[in-house]
Amino acid sequence: MRVLIVSDTHGNHKALDRVLKMAGNIDMFIHLGDVENGEDYINAVVECEKHIVRGNNDIFSELPGEDEFAIGPYKAFITHGHYYYVSLSTDYIEDEAVSRGADIVMFGHTHRPVLTDTGTVTVLNPGSVAYPRQPGRKGSFMFLEVMEDGTAQFEQYFLEADGTAVCHKIHRMNRSQG
């Protein structure tokens with residue numbers, strides 16, 4: 001199972017299209033909020049299973065604020081993150097994920113990528129494809145691939161000026177960790 005994870009596109013369909021083209025065939029699409037009226041567009045161009053949550057800039061959206069679902073043998077908890085003070089620390093969102101029995105917690109909001117493992121939960125933020133805020137200011141996104149043996153591999157990609165994307169970090173997780 002191959003999952004594309006993005007956040008904070010803020011209605012920038014051109015940036016999203018670029019990543020979707022690079023992604024090729026995916027089995028699941030996750031958007032972690034601040035689509036800014038992009039739900040209809042995403043529903044029109046993404047043909048696989050989708051999970052999209054409302055961000056702090058999705059003011060009139062009827063998207064859910066949070067979602068929990070399975071990705072292979074893993075339980076995922078997704079939210080935009082602003083209600084969990086992720087701009088200050090990931091402590092609150094990590095605690096919430098653990099209390100929900102999640103193996104993976106995903107959030108956006110900061111426009112800065114995160115990929116860590118606490119030993120209890122894998123914590124990730126793909127950053128922003130359209131409006132990055134980390135040093136170097138390259139758009140970013142993630143893939144999660146769950147292999148047949150249940151091993152999960154997370155890959156953090158950054159968009160380069162030449163139109164390519166380069167993987168900068170890989171994290172592997174096994175079901176026995178979750």
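User: Why is Glu68 called partly exposed?

Analyst: Glu68 has a relative accessibility of 35%. Buried means under 20% relative accessible area, exposed means over 50%, and partly exposed is in between (1.4 Å probe, protein chains only). The 35% of Glu68 falls in between, so Glu68 counts as partly exposed. This is a predicted model, in which local features need pLDDT of at least 70 and side-chain atom pairs count only at pLDDT 80 or more, while totals for chains, interfaces and linings use all residues. Residues are numbered from 1 along each chain as its sequence is written, and side-chain values use heavy atoms, with hydrogens and water left out.

User: What makes the contact between Arg100 and Glu68 a salt bridge?

Analyst: The N to O distance between their side chains is 2.4 Å. A salt bridge needs a side-chain nitrogen of Lys or Arg within 4 Å of a carboxyl oxygen of Asp or Glu, so the pair qualifies. Arg100 is in the loop between H3 and strand S6 (104-106) and Glu68 is in strand S4 (residues 66-71), so parts 32 residues apart in sequence are tied together. Helices (H or I, at least four residues) and strands (E, at least two) are DSSP runs, numbered from the N terminus. Arg100 itself is partly exposed, at 21% relative accessibility.

User: Which other residue meets Arg100 in a salt bridge?

Analyst: Glu96 does, at 2.7 Å from N to O. Glu96 has 23% relative accessibility, so it counts as partly exposed. The structure holds five salt bridges.

User: How do you know that Glu160 and Lys138 form a salt bridge, and where do they lie?

Analyst: Their side chains meet at 3.0 Å, N to O. Glu160 is in the loop between S10 and strand S11 (165-173), and Lys138 is in the loop between strand S8 (122-125) and S9, so this pair links distant parts of the chain, 22 residues apart. Glu160 is buried, at 18%, whereas Lys138 is partly exposed, at 32%. Elsewhere, salt bridges that share partners join Glu66, Glu68, Lys75, Glu96 and Arg100 into one network.

User: How many aromatic pairs are there, and why is the pair of Phe141 and Tyr157 called stacked?

Analyst: There are five aromatic pairs. Rings of Phe, Tyr and Trp (its six-membered ring) pair if their centres lie within 6.5 Å; planes under 30 degrees apart count as stacked, over 60 as edge-to-face and the rest as tilted. Phe141 and Tyr157 have ring centres 5.5 Å apart and planes at 10°, so the pair is stacked. Phe141 belongs to strand S9 (residues 140-146) and Tyr157 to strand S10 (residues 152-159), 16 residues apart. Phe141 is buried, at 1%, and Tyr157 is buried too, at 18%.

User: What makes the pair of Phe143 and Tyr157 edge-to-face?

Analyst: The rings are 5.6 Å apart, centre to centre, with 85° between the planes. Phe143 is in strand S9 and Tyr157 in strand S10, so the contact ties together parts 14 residues apart in sequence. Phe141, Phe143 and Tyr157 form one aromatic cluster.

User: How do you know that Arg2 lies over the face of Phe143?

Analyst: Arg2 is 4.0 Å from the ring centre of Phe143. A charge sits over a ring if NZ of Lys or CZ of Arg is within 6 Å of the ring centre and within 35 degrees of the ring normal.

User: What makes Asn37 exposed?

Analyst: Asn37 has 71% relative accessibility, so it counts as exposed. Asn37 is in the loop between strand S2 (28-31) and helix H2 (39-45).

User: How many disulfides are there, and how do you know that Cys48 is in none?

Analyst: There are zero disulfides. The nearest cysteine sulfur to that of Cys48 belongs to Cys167, 20 Å away. A disulfide is a pair of cysteine sulfur atoms within 2.5 Å, so 20 Å is too far for a bond. Cys48 is buried, at 16% relative accessibility, whereas Cys167 is partly exposed, at 28%.
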